[in-house]
Amino acid sequence: MTSAASATHRGRVLIIAGSDSGGGAGIQADIKAVTALGGYAATAITALTAQDTRTVHDIHEVPAAFIALQLRVVLQDIGADAIKTGMLHRADIIEAVVDALDQYAPHVPLVVDPVMVAKGGASLLQPSAAEALRTRLIPRATLITPNLPEAEVLSGLKIAGEADMPAAAERLLQFGPQAVLLKGGHLPGDLLVDLLRDARGSQRFTDTRIDTTSTHGTGCTLASAIATGLAFGLSLRDAVAQARAYVRKAIETAPGFGHGHGPLNHAHTVRRPG
């Protein structure tokens, strides 16, 4: 990062998402990722979940007006160099978030992780919220980061293999975001393929699959890591490449906690004492 970029992009990331009491996903994962990559994380919490590595046991609602207030006070005081959204499970929350961003952060890069289902299978998006996500939030996004099941719901297209990914990414791009990162981790096989599609064309990212159950919060972590890169002035493609490398190392060095899909090692960039 150049000194000129440092003066303009200070690494402030505002995260709008739900809380995960288990610490592996949601706001907790987001804060860890942003901090580990040298950024400053501020938050607007959209829901409280009683959650562990196996499932979401319950959700405690946060009123949309209070979410909007969190956004207003943070943006008016601290500001943001990038914004990331995660769990926005009700249509009124999506409406409140979009209205607040339009008013207080109209030109700040926005990474939208269209969270629909938790790793354990629990639904995190009410059916009425899907249309608001598609028509209100996605069109103003710098980047959306759907996995394949999310992309199928949003695009209406079946993605049975890598050959189907370009058409789905193109359909999602037609909804208005500047770019789409279609994550291919749900496809079978030892090769993992993610497809980045924007106005410049497509870029294919590949990795070999890691045999592990420690994948809780990978989507949250990746989106927040990309937002951090953007907050420091990286290009979108460089931010995606950096974030993917960070997440891969976090999976490889995962601590092995819990009895379900375990959390990542978000702190692998941090030197431990001793």
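## Briefing: cores, surface and overall shape

Leu14 touches Ala42, Thr43, Ala44, Leu71, Val74, Leu75, Ala80, Ala82, Ile83 and Lys84, leaving aside residues up to four places away in sequence. The model is a predicted one. Leu14 is also among the residues with the most contacts inside the largest nonpolar core.

**The nonpolar cores**

- The largest nonpolar core holds 47 residues.
- Leu14, Ile16, Ile83, Leu133 and Leu182 have the most contacts inside this core.
- Two of these names meet directly: Ile83 is one of the residues that Leu14 touches.
- Helix 4, residues 91-104, gives the most to this core, with 7 residues.
- A second core is separate and has 30 residues. Among them are Ala17, Leu143, Phe205 and Ala227.

**A buried residue: Thr228**

- Thr228 sits in helix 8, which runs over residues 218-231.
- Is Thr228 buried or exposed? Its relative accessible area is 1%, so Thr228 is buried. The cut-off for buried is under 20%.
- Thr228 touches Val13, Val34, Leu37 and Gly39, again leaving aside residues up to four places away in sequence.

**A nonpolar patch on the surface**

- Which residues form a nonpolar patch on the surface? They are Phe66, Leu69 and Val73.
- Together these three have about 250 Å² of accessible area.
- Leu69 belongs to helix 3, residues 64-77.
- Leu69 counts as partly exposed because its relative accessibility is 35%. That class lies between the buried limit of 20% and the exposed limit of 50%.

**The whole protein**

- The protein has 9 helices and 9 strands.
- Its radius of gyration is 17 Å, close to the 19 Å that the globule rule gives for 274 residues. The protein is therefore as compact as a globular protein of that length.
- The C-alpha trace spans about 50 × 45 × 45 Å along its principal axes.
- Of the 274 residues, 54% are buried.
- Consider the contacts with a separation of 6 or more: residues 24 or more positions apart account for 67% of them.
- The protein exposes about 11800 Å². Carbon and sulfur atoms supply 54% of that area.

Key
Residues are numbered from 1 along each chain as its sequence is written. This is a predicted model: local features need pLDDT of at least 70, side-chain atom pairs count only at pLDDT 80 or more; totals for chains, interfaces and linings use all residues. Side-chain values use heavy atoms; hydrogens and water are left out. Patches are made of residues with over 30% relative accessible area and no salt bridge: like charges are joined within 9 Å, nonpolar side chains (Val, Leu, Ile, Met, Phe, Trp, Tyr) within 5 Å. Accessible areas come from the Shrake-Rupley method with a 1.4 Å probe; for residues, only the protein chains shown count as cover. A salt bridge is a side-chain nitrogen of Lys or Arg within 4 Å of a carboxyl oxygen of Asp or Glu. Helices (H or I, at least four residues) and strands (E, at least two) are DSSP runs, numbered from the N terminus. Buried means under 20% relative accessible area, exposed over 50%, partly exposed in between (1.4 Å probe, protein chains only). A nonpolar core is a set of buried Ala, Val, Leu, Ile, Met, Phe, Trp, Tyr and Cys residues joined through side-chain atoms within 4.5 Å. Contact means heavy atoms within 4.5 Å. The radius of gyration is taken over C-alpha atoms; the globule rule is 2.2 Å times the number of residues to the power 0.38.
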